[in-house]
Amino acid sequence: MQSLVIVAHGSHLNPGSSAPTYDHADTVRATGAFDEVKTGFWKEEPHFREVLRTVEGDEVYVVPLFVSEGYFTEQVIPRELRLDGWDVADWDSDGLSADQATLVAEDIDREVHYCGPVGTHRAMTDVIVRRAESVTGDPDVGDDVGLAVVGHGTQRNENSAKAIEYHADRIAERDRFEEVKALYMDEDPEVDDLPEFFESDDVVLVPLFIADGYHTQEDIPEDVGLCEDYTDGYDVPTDVDGTRIWYAGAVGTEPLMADVVLERAADAGADVEDALDDVRETTRVATGD
Amino acid sequence: MADSAPASADAEDGEAERPDPPDIDLPSDAFDAVLDALDGRDPDEPLRFEGFGVARDDGDREGDAAGTYRLDPADDDPRTGLSERELHEALDERAPAVTDWYAFERVVGEFGPRRAFLRWIEDADGATVATRYAALGEGIERAWGELKVTATITDRGERRYDVRHADDAGVPIDELDAYDDPLDARDLVKLDAKGRYRPLKTAPSLAGGWVFPDLGPRDAYEAVETVYPATVANWHREREGELDVTNWRETMERQSGIYGVVKTWDRGEGYEHVNWVAEACCDDSQCLKRREWEYDDETDLDVDGGDGVFPCREPCSVVVSAARKWTRLESEQPRTYEFELTPSEKEQVEDVIDAVADGRTDEIREADTKEGANRYRTRFLRAKLFDEDGTLGGVPTEPDEDDGE
């Protein structure tokens with residue numbers, strides 16, 4: 001019996017924090033690739049400490065719904081899941097290349113496959129592009145349009161910026177968008193000055209965050225100048241200093257994220273059959289009008 | 001919240017009043033499951049049902065490809081050489097026992113927490129099939145936190161479960177919002193009745209107005225585990241004597257990052273601060289889990305752990321987060337401030353603290369000025385005692401605040 005456990009941050013304050021986790025779990029569940037799909041959280045229930053005891057399967061894949069390798073994926077999650085003998089070296093990662101480690105979870109005395117975070121998977125690049133499509137409503141978006149991939153920055157975690165640059169570079173190589181830039185919230189180049197970094201009249205802003213919350217709903221709209229006060233709301237697109245900025249919140253809410261979850265589990269050995277194709281198809285942006 | 005599990009030990013008293021078990025027809029899926037289980041099974045190891053066993057009986061009719069069966073009643077001679085049709089007849093006569101086997105061995109399955117929970121609901125490890133089926137015919141009610149779970153049985157021996165808020169007991173289904181997907185419970189538990197986010201799912205603030213009127217066994221378990229995650233798993237471990245309790249000290253020692261500071265709150269022998277935490281957060285009025293964790297292996301807390309059905313095995317993330325705040329606040333040294341209050345004002349301060357701590361502020365009527373925490377009374381107190389900077393009694397929080405200018 002094959003089980004998928006999606007682990008995410010969750011929130012004590014924001015009721016919407018768990019929504020993308022539940023949504024992606026539902027998408028994966030609907031594919032039938034796993035006998036069960038469970039969710040666990042740092043700030044909600046079931047907690048990381050107790051989620052594995054709710055799991056029935058004997059082939060367990062744990063996928064962190066986090067954007068980068070760092071404190072949570074390397075310390076908190078393995079500790080709270082009680083992965084016996086965990087050492088971050090098990091991932092043998094350069095900060096972007098964590099794939100999986102197979103360890104016994106003491107809580108259930110069974111092996112689990114602990115996967116790298118969704119945010120650094122190569123398939124995440126496609127989700128960022130898909131996000132640009134869904135925000136603009138244009139499945140062919142790219143010509144004459146700039147793309148800003150936005151992250152926290154390195155203040156708390158140097159791998160955070162690595163992930164942003166990785167995806168920005170990969171998208172740039174595809175020559176789909178007029179220009180692609182990596183911008184940050186707490187270091188240069190700062191998202192606050194977005195129009196200065198782009199020549200295109202239209203720029204899609206995609207933040208590499210899992211859930212909508214303070215950063216994506218309050219910080220970014222105000223810092224970028226989409227609105228004076230986030231409670232006023234803003235249009236999509238909004239003209240800021242002559243640049244039309246297309247923005248609609250965290251990339252983690254994009255339905256195609258479920259594909260990355262599946263990719264992570266498949267890379268770790270899960271048998272997902274046709275589920276990858278299913279998810280890519282069912283989450284597509286509709287063509288035409 | 002009274003449970004109505006079937007009586008087992010006091011069967012003598014209940015015998016006269018017990019309702020008749022419902023008539024059960026043996027469904028083909030149950031019969032097929034029996035045949036399937038017998039297929040390839042050693043004839044010397046009969047499949048056990050309550051009151052009888054069934055085994056393959058291949059030896060009696062040599063050369064009969066279809067195979068035959070043997071029925072071993074507990075209190076009668078075995079019947080051998082039964083054809084499949086005769087076996088069906090015999091099992092149909094014993095349909096309650098067969099459907100009971102089918103329900104737990106094939107529908108519910110082996111997974112420990114789910115199996116234990118669903119067996120507990122109908123006291124399957126204590127009461128006979130006849131007793132349970134009679135009780136299920138009437139409806140067996142169980143409380144789980146603020147949930148009421150009612151188990152019934154169809155004439156095919158299938159269990160059906162109604163899961164709803166205990167406050168909605170007796171409300172007709174068509175007056176409630178009805179759901180059939182247990183995962184829909186994720187939305188039902190998100191907000192309390194006033195629309196406020198519930199960060200702790202076991203807080204006694206579950207909103208009502210909904211019902212899962214007709215769930216199968218697995219979905220009933222999922223619904224309960226969605227409303228109260230991991231509570232069945234922990235309850236099951238506790239029943240098995242395997243609950244892994246992690247006490248306060250060990251939990252705080254484990255914390256890192258912004259929560260690492262909490263371990264500095266524990267100093268020397270004192271654990272009074274943890275009593276205060278448990279009284280603040282873990283009381284039954286705040287959380288329905290029964291606190292089983294203590295200060296450390298040697299030191300129990302002095303406050304009550306509560307009466308919940310399901311245990312709490314370690315300080316939760318809400319407690320850890322709050323403890324982080326208290327660790328910072330409690331690192332401050334007390335100071336002596338001098339205020340002048342009338343006796344009634346002093347009591348009013350106590351009333352306000354009580355009302356907030358007990359979540360009663362909404363219940364205090366607007367014009368009820370007898371209540372110290374009444375809004376007009378409190379606004380009056382503020383108007384009288386706060387200066388233009390919002391400082392109580394005009395007394396600065398920092399003693400040297402006045403001296404600077």
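In the predicted model, 16 residues of chain A are in contact with 19 residues of chain B. On the chain B side, the largest share is contributed by helix α12 (residues 317-329) of chain B, with three residues. Divided by class, the side of chain B that touches chain A consists of nine nonpolar, six charged and four polar residues.

Chain B contains an open sheet of four strands, paired antiparallel in the order β1-β2-β3-β4. The edges are formed by β1 (47-49) and β4 (79-82) of chain B; each has a single partner strand, so one side of each lacks a neighbour in the sheet. From one strand to the next, the twist averages 20°. Strand β2 (residues 52-56) of chain B runs antiparallel to β1(B), and three bridges join the two. Within β2(B), B:Val54 is the bridge partner of B:Leu47. The sheet is also packed against by helix α3 (residues 84-93) of chain B, which touches β3 (69-73) and β4 of chain B. The direction of helix α3 of chain B makes about 135° with that of β4(B).

The largest nonpolar core comprises 90 residues, and A:Val149 and A:Leu205 have the most contacts inside it. Domain 1 (2-120 + 254-282) and domain 2 (123-253) of chain A each supply at least three residues to this core. Leaving aside residues up to four places away in sequence, A:Val149 touches A:Ile128, A:Ile164, A:His167, A:Ala168, A:Val180, A:Ala182, A:Val206 and A:Leu208.

Technical notes
Residues numbered from 1 in each chain as written. Chains lettered and ligands numbered in written order. Predicted model: local features only at pLDDT ≥ 70, side-chain atom pairs only at ≥ 80, totals over all residues. Contact = placed C-beta atoms within 7 Å. Nonpolar A, V, L, I, M, F, W, Y, C, P; charged D, E, K, R; others polar. Pairing = 2+ DSSP bridges. Axes fitted to C-alpha atoms, helices over the stretch in contact; angles between N-to-C directions. Core = buried A, V, L, I, M, F, W, Y, C linked by C-beta atoms within 7 Å. Buried ≥ 20, exposed ≤ 12 C-beta atoms within 10 Å, placed from the backbone. Domains from an automatic or database assignment.
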